[in-house]
Structure formats: C-alpha cells, structure tokens
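Here are some exercises on reading a protein model, each with a worked solution. Try each task yourself before you follow the steps.

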2 protein chains.
Amino acid sequence: MTTLVFGHKSPDTDATLSAIVWAWYLTNRRGGDAEPRLLGEPNTEAAFVLKHWGFAKPAIIADVDAGQNVVIVDTNNPAELPPSINDANIMAIIDHHMLVGGLKTKAPINVVMRPLACTATVMHDIMGDDVAGLPTEIKGAMLSCILSDTLEFRSPTTTPHDRAVAEKLAADLGVSIPDLATKMFEAKSDVSAFSDAELLRMDSKEYNVAGKELRVSVLETTAPKIVLDRKASLMASMEGVAKEDGADQVLLFVVDILREEATLLVPNDLVKQMAEASFGCTVTGDTVVLPGIMSRKKQIIPALKL
Amino acid sequence: MTTLVFGHKSPDTDATLSAIVWAWYLTNRRGGDAEPRLLGEPNTEAAFVLKHWGFAKPAIIADVDAGQNVVIVDTNNPAELPPSINDANIMAIIDHHMLVGGLKTKAPINVVMRPLACTATVMHDIMGDDVAGLPTEIKGAMLSCILSDTLEFRSPTTTPHDRAVAEKLAADLGVSIPDLATKMFEAKSDVSAFSDAELLRMDSKEYNVAGKELRVSVLETTAPKIVLDRKASLMASMEGVAKEDGADQVLLFVVDILREEATLLVPNDLVKQMAEASFGCTVTGDTVVLPGIMSRKKQIIPALKL
C-alpha cells in the first residue's frame with residue numbers, strides 16, 4: 001500500500017513541501033512507497049515554491065480510508081487533519097508544534113517532535129548524513145520551508161539551528177537567501193484573487209481561550225496595505241465565517257514581515273477587550289498595531305486571554 | 001529548577017532505570033540539572049537492578065507542582081502519570097508505546113517515540129556517539145532495561161535493534177546476558193511478599209475494550225506455580241480491586257518467561273467470553289493457557305475483544 005504523507009488543512013510552504021520532501025525520502029532512501037497529498041489548496045507562497053523547484057501540485061484529499069498508511073507532518077492536531085485520521089494507520093509523526101493530544105495509534109510508532117521553527121529542519125536532522133546526497137529540488141524545498149516558517153530568520157521562533165541548516169542548504173545550492181525569500185514573500189503577499197472568507201481561513205488555527213472558540217488567523221505579507229485596504233469587508237465577513245466554522249470569533253493578525261509588526265483587526269468589543277488584556281495595548285479604532293508580534297505559536301497564542 | 005525525570009505509575013525496570021539513565025545524561029552530558037523520581041514502589045526486579053548497579057532508590061512522588069519541569073519516559077499516557085501532569089512544564093517525552101493522546105504542552109517540546117522494545121534502546125539511539133563514554137552503571141542500567149522489556153529477547157516486541165544494542169552493551173561491560181537475565185527474572189518471580197491486591201496492580205494498565213474498562217495485569221515470572229497456587233484468592237480479590245480503581249474487570253495474565261506462554265485467570269463468564277473471543281481458545285476451568293502469548297502491548301491488547 002502506498003503511504004500518504006500530508007500536513008495540515010491550511011497548506012502553507014512547510015506543510016506542503018515537507019510532505020513532498022518526506023515522501024521522496026521514504027521512497028528513495030528508505031525503500032518505501034510514499035506519495036505526498038494536500039488537505040486543501042496551497043497558499044500562494046506554497047504554490048510559488050512548488051513551481052520554483054519544479055514540483056507538481058500534490059492531489060488534494062478530503063479524508064483518508066480506514067487502515068490507510070499515513071505519515072503526518074507539521075501538525076499533531078486532529079482538528080487540522082482528515083476527519084477519519086484516527087481510523088488510518090498512522091505510521092509516523094514529524095512535527096514542531098506544541099503537543100495537542102488526540103491522535104491515537106494501536107501500536108507504537110515513530111514520533112519526532114522538536115522545538116524548532118520548521119518541520120523541514122526536523123527532517124534534516126533525522127536524515128543525518130543522507131542530506132549531502134539529496135537532489136537539488138529536495139534541498140531547495142527544505143530551504144524554502146525554513147525561510148517561510150522563520151520569515152527569513154525574523155520570526156522569534158527561529159533557532160540558531162534552523163538558521164544554520166538554511167545557510168548550509170543555500171550555500172550547497174548556490175542560492176541567495178534574500179533573493180529567494182523576497183520572491184517567496186511577494187508570492188505570499190499576492191492575495192488579491194482571494195475572497196474575504198478565503199483570506200480569513202488561509203492561515204488559520206482554532207484555539208479555545210477562556211471558554212471562547214477562536215479562529216486565529218495570520219496573514220504574513222510584505223504589502224500589508226493590500227489587506228488593510230479591505231479591512232471593512234474583512235471585518236464584515238468575520239461573523240459569517242465564525243458561524244460556519246463553529247467558532248465564536250475570528251481574530252485576523254496582518255503580519256508585516258519587513259516592519260516586524262502585526263496589525264490586529266478589531267471589529268467589536270470582544271476583540272478590543274481581548275487585545276488590551278493580551279497585549280497591554282490601548283485600542284482606539286478598528287485596528288491596533290502590535291510592534292514585534294510576528295509569531296502565532298510563540299507570541300500570539302501564549303498571550304491570548306480575556 | 002531541577003528537572004524531574006520519571007516513568008509510569010507501575011515502576012518496572014525500564015520505567016525506573018531509564019529515568020535514572022536520562023536524568024544522569026541530562027545532568028552529565030547536556031549541562032542540565034535533573035533527578036530521577038518514582039511514581040510508586042519499584043517491582044522486585046527493578047529493586048534488584050537498582051542494587052545490582054549500585055543506584056539508590058529514587059524518591060517516590062505522588063504528584064507534581066504546577067510549572068515543575070519534567071521529562072516523561074516510558075509512557076505517553078496521562079492515566080499512568082501524576083494527576084497534575086498537564087499543569088507541569090513537560091520538557092520532553094521519550095517512549096516506545098502506542099500513542100494514547102491526552103498530554104498537552106503550551107509550546108513545542110522534544111518528543112521521541114520509536115517502535116522498539118524498550119525506552120533505553122530509544123535513549124541509546126538519541127545519545128549516539130555519547131554511548132561509548134558512559135560509565136559502567138549507566139550502560140548496565142540500559143542493558144538491564146532491554147533484557148527486562150524483551151524478556152531476554154523472547155518477547156515478540158524484541159526488534160533486531162534492541163538485541164544488537166543489548167549485545168553491544170553486554171560485550172562492552174564483559175557481562176554474561178544469560179547470567180544477568182536469570183538473576184533479574186528470579187528477582188521478578190519472588191512475589192511472595194505481596195498481597196493479592198498488590199500482585200493484581202503490580203504491572204497493570206487500563207484499557208477500554210468494547211465499552212468495558214479493563215485493568216490488564218501481567219505477571220512475568222520464571223516460577224508461575226508460586227502465583228498460580230494463589231489463584232483462588234487472587235480471583236476473589238479481583239472484584240474489590242476493580243471497584244476501587246473504577247474498572248469493570250481485572251484480567252491477570254501470568255506469563256511463563258521460560259515456557260513462553262501465558263496463563264489467564266478466568267474468574268467469571270465475562271472473562272471466559274473475552275478469552276474465547278480474543279484468543280480463539282476454549283475455556284473449561286478457571287484458568288486457560290495461551291501458548292506463545294508474552295506481550296501485553298504486541299499480543300494481548302491488539303487481540304482483546306468481546
């Protein structure tokens with residue numbers, strides 16, 4: 001049986017490309033038979049990175065069959081995975097997020113989680129000496145994952161090890177990190193084709209904070225104006241999106257990669273109260289700028305309270 | 001803050017000694033400050049192994065403080081851990097059991113789980129080149145963990161890798177595996193000092209099977225007669241133990257390490273029905289012999305049904 005390798009339901013560069021990297025590695029270096037899959041449409045940056053390194057877009061699946069062999073990358077959260085995930089035969093998990101609990105297996109499996117910025121860095125370490133012999137496009141995919149998840153080393157999630165691995169890969173490939181990162185961030189910033197609801201769901205994770213079910217959405221961009229010019233209609237769409245997704249509120253953080261700050265949209269009193277309690281700021285209008293805030297995992301989620 | 005390293009609530013050799021090994025390693029090779037702890041009285045084999053390699057018995061703790069730094073070894077099951085475990089600061093998990101779900105962290109941590117017979121084998125692999133320079137008692141502890149969990153390579157959980165690691169450690173130490181294993185199994189078989197309730201809980205894990213909450217207990221011994229001579233009073237104690245522990249039924253498998261078979265005690269129709277459905281045997285008396293059955297993880301749990 002072919003093993004399916006996939007990341008979470010909001011396929012960004014790391015979720016998309018690290019699945020491709022691992023499926024390639026299982027097939028070509030571990031004698032396995034594995035293929036990457038997607039659980040949704042890749043974001044514009046991931047789509048650019050696929051094309052840049054010459055990969056076809058993996059097939060999108062809505063669920064997995066019972067007993068299907070799967071490897072999960074870049075998440076350990078059942079809410080971000082196919083509905084039948086616990087009926088599949090989970091063979092391994094490779095991740096770099098907090099432990100959420102909820103995935104179960106019937107037998108011991110391989111799990112590797114490390115407090116690093118990026119799944120591809122964890123894979124790099126598992127591969128060990130095999131890294132040297134990887135083909136260009138696999139090294140390139142790993143480099144792109146690290147640049148994406150670290151926002152070119154600007155995000156506070158970046159560890160010295162992520163940076164060292166990226167710089168080694170770039171040197172091997174003869175690639176300029178600033179050039180590649182600029183192209184990737186431009187692709188990510190090109191969100192004009194998306195509806196408001198699509199933007200709100202593009203890079204979004206659900207969390208329960210003080211009894212409220214929150215959809216915490218982040219848009220990382222080098223052109224925040226494009227998004228902020230649409231703030232009125234984005235805020236108008238929040239209630240509908242929250243309702244459809246069974247959430248109480250959508251929080252949208254527009255992260256300015258170059259200025260290293262986030263702008264939070266403040267559509268109502270709940271968000272105002274939450275922003276002031278969580279970030280010690282004073283909200284006067286329908287947006288608030290949060291200097292230095294770039295990481296949902298490291299800065300936003302740990303701070304959120306009511 | 002000192003990091004506490006501990007295994008599960010039924011401290012056998014692997015849970016007890018692998019916690020000692022990892023606390024030693026964190027302190028002496030990773031610049032940390034760690035100490036082992038126990039969540040209960042070690043079994044007779046673990047007590048023998050502690051003395052054999054010259055370790056003091058670690059302190060027993062009933063719970064952990066909120067925010068306490070902890071490393072969990074040899075389990076990932078919150079039911080086998082201190083009640084406040086999810087309020088502690090879980091820093092790492094090293095395990096070789098099926099994924100149960102339920103442990104949560106606020107940030108990404110190190111998790112390494114591998115489908116091997118023994119936690120000490122997983123630690124051996126994490127340590128890599130550091131293994132060569134480990135002191136005698138740490139290598140000895142790791143060897144004992146592997147011999148214990150594999151029942152001297154008889155258990156079907158044994159992988160070629162566990163065996164190779166044990167043989168390498170034994171060769172380094174100039175230790176005879178059969179001699180050490182015989183002493184360990186004799187210590188494990190010396191259960192005369194324990195009450196019936198203590199025997200039923202000694203190496204016991206809870207599982208839900210077909211809506212029944214089961215306490216699945218295993219006694220591995222080279223002298224099954226000592227236990228089976230007490231079968232009437234053991235069966236009489238089952239109802240009380242089950243009730244106290246919130247379970248529907250206790251299943252006691254007496255594993256004969258040398259004959260490589262298990263004897264299941266059959267106190268009532270529920271256990272009879274379960275034995276016949278699970279193992280395809282015919283139960284005629286108050287015990288049934290299950291040839292080849294040695295491993296709860298690999299053979300008993302996957303088979304159990306009603």
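**Exercise 1. How many residues of domain 1 of chain A are in contact with domain 2 of chain A?**

Solution.
- Step 1: Contact means heavy atoms within 4.5 Å.
- Step 2: With that rule, 14 residues of domain 1 of chain A are in contact with 17 residues of domain 2 of chain A.
- Step 3: Check the bounds, which come from an automatic or database domain assignment: domain 1 covers 3-186 and domain 2 covers 196-303 in chain A.
- Step 4: Taken over C-alpha atoms, the centres of these two domains are 26 Å apart.

Before you go on, note how to read this predicted model: local features need pLDDT of at least 70, side-chain atom pairs count only at pLDDT 80 or more, and totals for chains, interfaces and linings use all residues. Residues are numbered from 1 along each chain as its sequence is written, chains are lettered from A and ligands numbered from 1 in the order in which they are written, and side-chain values use heavy atoms, with hydrogens and water left out.

**Exercise 2. What area do domain 1 and domain 2 of chain A bury between them?**

Solution.
- Step 1: Buried area is the accessible area (1.4 Å probe) that two parts lose on being put together, summed over both.
- Step 2: For this pair of domains it is about 1,400 Å², with 61% on carbon and sulfur atoms.
- Step 3: On the side of domain 1, Leu151(A), Arg154(A) and Pro156(A) supply 38% of the area buried against domain 2, more than any other three residues.

**Exercise 3. How many salt bridges cross the interface of these two domains of chain A?**

Solution.
- Step 1: Look for a side-chain nitrogen of Lys or Arg within 4 Å of a carboxyl oxygen of Asp or Glu.
- Step 2: The rule finds 2 salt bridges between domain 1 and domain 2 of chain A.
- Step 3: As a pair to find, take Arg154(A) and Glu260(A), whose side chains form a salt bridge at 3.9 Å, N to O.

**Exercise 4. What area is buried between chain A and chain B, and how many salt bridges are there?**

Solution.
- Step 1: The contact rule gives 22 residues of chain A and 22 residues of chain B.
- Step 2: The buried area is about 1,800 Å², of which carbon and sulfur atoms give 58%.
- Step 3: In chain A, Leu99(A), Pro108(A) and Val111(A) lose the most area to chain B, together 32% of what that side buries.
- Step 4: The salt bridge count between the two chains is 0.

**Exercise 5. Which parts of chain A does the salt bridge of Arg114(A) and Asp125(A) tie together?**

Solution.
- Step 1: The two side chains meet at 3.4 Å, N to O.
- Step 2: Arg114(A) lies in the loop between β5 and α3 (119-127), while Asp125(A) is in helix α3, so the pair ties together parts that are 11 residues apart in sequence. Here helices (H or I, at least four residues) and strands (E, at least two) are DSSP runs, numbered from the N terminus.
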